[in-house]
Amino acid sequence: MSFEHVFKRIIEFMNAAPSGNFRLMVGTDSQVHKRHTVFITGIVIQNEGKGVWACIKKVVVPRKMTQLHERISLELSLTEEIVALFTEERKNELIDIVLPHIYKGATFSMEGHIDIGAGKRNKTSEFVKEMVTRMESMGVEPKIKPNAFVASSYANRYTK
């Protein structure tokens, strides 16, 4: 599916209930296999309490990526790649869907889900500040574990 097709599906989903509370979420997870590493980026539009539409993009690196920082950094780069496709013009197109319904409580937000955690026992905790800053610099609200479910749960399901 092309990004244009994905964007049209998101618009259709939002137009079906324009007074909803929409969260557009993008996140990537990876899994190291014997001879390659699989990266899955999930793109999810949620109308809170009323359903979701989602799709994935798969990238396979033909080697075992054993360095955690390299893998986490590539996960975020793949997320950033998709987030960048949501240009200001495209984001405004999505906001314009909910704008007439703001007085009814309609909302729209965009989140970047990063498959890292801040807990002391989490091996990725040392990368939190770096990765969160990268997401914020794109104008997207960063979410880390346990709130990064698009990366840590949805995308993870397809990396196996």
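1. Within helix 3, Lys91 and Glu88 are placed three residues apart, about one turn of the helix; helices here are DSSP runs of H or I with at least four residues, strands are E runs of at least two, and both are numbered from the N terminus. A salt bridge joins the two side chains at 3.2 Å, N to O, the term denoting a side-chain nitrogen of Lys or Arg within 4 Å of a carboxyl oxygen of Asp or Glu. Lys91 is buried at a relative accessible area of 12%, whereas Glu88 is exposed at 53%. Buried means under 20% relative accessible area, exposed over 50%, and partly exposed in between (1.4 Å probe, protein chains only).

2. The model is predicted: local features need pLDDT of at least 70, side-chain atom pairs count only at pLDDT 80 or more, and totals for chains, interfaces and linings use all residues. Residues are numbered from 1 along each chain as its sequence is written, and side-chain values use heavy atoms, with hydrogens and water left out.

3. The structure holds eight salt bridges. In one of them, Arg90 pairs with Glu4, with the closest N and O atoms 2.1 Å apart. This pair links distant parts of the chain, since Arg90 belongs to helix 3 and Glu4 to helix 1, 86 residues apart. Arg90 counts as buried at 17% relative accessibility, while Glu4, at 39%, counts as partly exposed. A further salt bridge connects Lys143 with Glu141, the closest N and O atoms being 3.0 Å apart; Glu141 is partly exposed, with a relative accessible area of 37%.

4. The largest nonpolar core comprises 34 residues, and those with the most contacts inside it are Ile10, Met14, Leu24, Ile45, Phe86 and Leu94. Such a core is a set of buried Ala, Val, Leu, Ile, Met, Phe, Trp, Tyr and Cys residues joined through side-chain atoms within 4.5 Å. Elements giving two or more residues to this core include helix 1 (3-15), strand 1 (21-32), strand 2 (37-47) and helix 3 (88-98). Helix 1 gives the most, with seven residues. In soluble globular proteins, nonpolar side chains tend to be buried together.

5. Which residues does Ile10 touch, not counting those up to four places away in sequence? They are Leu24, Ile43, Ile45, Trp53, Phe86 and Leu94, where contact means heavy atoms within 4.5 Å.

6. Five aromatic pairs are present. Phe13 and Phe22 form an edge-to-face pair, 6.2 Å centre to centre with 75° between the planes, and both residues are buried. Tyr154 and Tyr158 have ring centres 5.5 Å apart and planes at 75°, so this pair is also edge-to-face. Tyr154 is buried at 17% relative accessibility; Tyr158 is partly exposed at 37%. Ring pairs also link Phe3, Phe7 and Phe86 into a cluster. Rings of Phe, Tyr and Trp (its six-membered ring) pair if their centres lie within 6.5 Å; planes under 30 degrees apart count as stacked, over 60 as edge-to-face and the rest as tilted.

7. Ile95, Leu99 and Ile102 make a nonpolar surface patch of about 240 Å². Patch residues have over 30% relative accessible area and no salt bridge, with nonpolar side chains (Val, Leu, Ile, Met, Phe, Trp, Tyr) joined within 5 Å and like charges within 9 Å. Accessible areas come from the Shrake-Rupley method with a 1.4 Å probe, and for residues only the protein chains shown count as cover. Leu99 lies in the loop between helix 3 and strand 4 and is partly exposed at 49% relative accessible area.
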